Amino acid sequence: MQKKTDESLINFNKQLENTIQKLTIANYELSEFTRIAVHDLKTPLRAIGSLAGIVYSGYGDKLDSQGKELLSKIVSRSIRMDRQLSSILRYSEIHRSNHDHSVNLNILLHQMISELSLTVDIEIIMDNELPVIICESDLMEQLFTCLLDNAIKFMDKPKGYIKIGCLQQEYLWRFRISDNGPGIESKYFDKIFKVFQKFARFDDAESTGIGLPIAKKIVELYGGKIWVESEIGNGSTFFFTIPNQQKYVETRALLTHAFN
């Protein structure tokens with residue numbers, strides 16, 4: 001009986017390894033396809049925008065106001081589409097490698113904030129000390145950048161506030177990024193984390209609709225969750241969790257030692 005069980009486990013592990021290998025190859029092929037497709041789409045798109053710009057510059061005096069407006073829209077929409085394609089590529093390339101290391105989020109956030117180019121009056125406040133976590137610094141930087149950019153992009157107050165905080169809960173860290181912006185209707189709480197789903201009109205903000213899905217993908221790569229709490233007119237708070245891997249490793253080591 002034991003022998004059959006062992007053989008079943010061995011066969012199951014082999015099947016699992018084969019499945020993982022196939023998924024890895026499929027993900028790589030999909031990523032390569034996306035990269036090539038984006039490159040091939042960007043080339044004619046930029047040509048369209050460039051030609052429209054040339055027509056506007058060279059023949060603008062021969063066009064009426066409506067013609068000028070239409071050409072201007074072609075140029076601006078081409079730029080937006082180029083940005084959209086770049087975001088799709090970023091989303092497809094997000095994956096977790098084996099390069100996790102200790103990252104001091106205080107240093108990471110202070111550096112990020114110092115490099116932000118704010119076009120509106122916004123103060124970014126650190127409510128408390130952030131932890132040192134085991135992660136890839138590039139992915140964490142992308143995660144916080146997406147959430148901060150989202151708060152900055154939609155700020156509608158003459159004086160904006162963005163507050164960043166964190167607390168420890170058992171085996172995980174719970175982060176929050178809150179703002180005093182316009183808020184989000186509850187019917188959009190789930191939609192905004194899906195690719196290309198936006199709660200503002202396309203022309204109302206320079207949004208690609210991929211920033212929050214990128215944040216969600218990164219959080220889930222680390223086994224965490226992300227959600228939003230908001231009320232129209234009273235701002236939004238984005239929460240996300242990251243398991244405390246160091247604490248888990250230490251506890252597992254203690255348990256192993258205790259039972260050996």
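Me: Hi! Let's start with Lys216: buried or partly exposed?
Reply: Lys216 counts as partly exposed, because its relative accessibility is 27%. Keep in mind that this is a predicted model.

Me: Thanks! Which side chain does Lys216 meet in a salt bridge?
Reply: Lys216 pairs with Glu220, at 2.7 Å from N to O.

Me: Which residues in helix 5 are buried, then?
Reply: Helix 5 covers residues 211-221, and its buried residues include Leu212, Pro213 and Ile214. Ala215, Ile218 and Val219 are buried too.

Me: What follows helix 5?
Reply: Gly223 does, and its phi is positive, near 80°. Gly224 is placed in the loop between helix 5 and strand 6, the strand at 226-230.

Me: Gly224: buried or exposed?
Reply: Gly224 counts as buried, because its relative accessibility is 9% and the cut-off for buried is under 20%.

Me: Nice. What does Gly224 touch?
Reply: Not counting residues up to four places away in sequence, Gly224 touches Val219, Thr241 and Pro243. Val219 is one of the buried residues of helix 5. As for Thr241, its C-alpha is 4.9 Å from that of Gly224, although the two are 17 residues apart in sequence.

Me: Let me zoom out. How many helices and strands does the protein chain have?
Reply: There are 6 helices and 7 strands. Along the sequence, they come in the pattern α-α-β-α-β-β-α-β-β-α-β-β-α.

Me: What share of the residues in the protein chain is buried?
Reply: Of the 260 residues, 32% are buried. The chain exposes about 16600 Å², and carbon and sulfur atoms supply 55% of that area.

Me: And what about contacts between residues at least 6 apart in sequence?
Reply: Among those, 72% join residues at least 24 apart.

Me: Back to salt bridges. How many does the structure hold?
Reply: It holds 6. One of them joins the side chains of Asp121 and Lys159, at 3.2 Å from N to O. That pair links distant parts of the chain, 38 residues apart. Asp121 is in the loop between helix 3 (105-114) and strand 2 (122-126), whereas Lys159 is in the loop between helix 4 (137-153) and strand 4 (160-169).

Me: Asp121 and Lys159: buried or partly exposed?
Reply: Both are partly exposed: Asp121 has a relative accessibility of 42%, and Lys159 has a relative accessible area of 29%.

Me: With which residue does Arg176 form a salt bridge?
Reply: Arg176 pairs with Asp127, and their closest N and O atoms are 2.9 Å apart. Arg176 lies in strand 5 and Asp127 in the loop between strand 2 and strand 3 (132-135), so this pair ties together parts that are 49 residues apart in sequence. Arg176 counts as partly exposed at 28% relative accessibility, and Asp127 is partly exposed at 37%.

Me: What about Asp179, which strand does it lie in?
Reply: Asp179 lies in strand 5, residues 172-179. Asp179 is buried yet has no salt bridge.

Me: Why no salt bridge for Asp179?
Reply: A salt bridge needs the nitrogen and the carboxyl oxygen within 4 Å. The nearest side chain of opposite charge to Asp179, Lys157, is 7.1 Å away.

Me: What does the side chain of Asp179 reach, then?
Reply: The backbone nitrogen of Gly181, at 2.8 Å. Leaving aside neighbours within four places in sequence, Asp179 is also in contact with several residues, among them Tyr161, Asn234 and Ser236.

Me: New topic: which residues form a nonpolar patch on the surface?
Reply: Val55, Tyr59 and Leu63 do, with about 240 Å² of accessible area together. Tyr59 is found in helix 1, residues 2-59, and is partly exposed, with a relative accessible area of 48%.

Me: Last one: Leu108, buried or exposed?
Reply: Leu108 is buried, with a relative accessible area of 11%, and its place is in helix 3. Apart from neighbours within four places in sequence, Leu108 is in contact with Val103, Ser137, Met140 and Glu141. Leu108 and Ser137 are 29 residues apart in sequence, with their C-alpha atoms 7.9 Å apart.

Conventions: Residues are numbered from 1 along each chain as its sequence is written. This is a predicted model: local features need pLDDT of at least 70, side-chain atom pairs count only at pLDDT 80 or more; totals for chains, interfaces and linings use all residues. Side-chain values use heavy atoms; hydrogens and water are left out. Helices (H or I, at least four residues) and strands (E, at least two) are DSSP runs, numbered from the N terminus. Buried means under 20% relative accessible area, exposed over 50%, partly exposed in between (1.4 Å probe, protein chains only). Lys and Arg count as positive and Asp and Glu as negative; His and the chain ends are not counted. A polar contact is a pair of N or O atoms within 3.5 Å; within protein, one must be able to donate a hydrogen and the other to accept it, and residues adjacent in sequence count only if both atoms are side-chain atoms. Contact means heavy atoms within 4.5 Å. Patches are made of residues with over 30% relative accessible area and no salt bridge: like charges are joined within 9 Å, nonpolar side chains (Val, Leu, Ile, Met, Phe, Trp, Tyr) within 5 Å. Accessible areas come from the Shrake-Rupley method with a 1.4 Å probe; for residues, only the protein chains shown count as cover.
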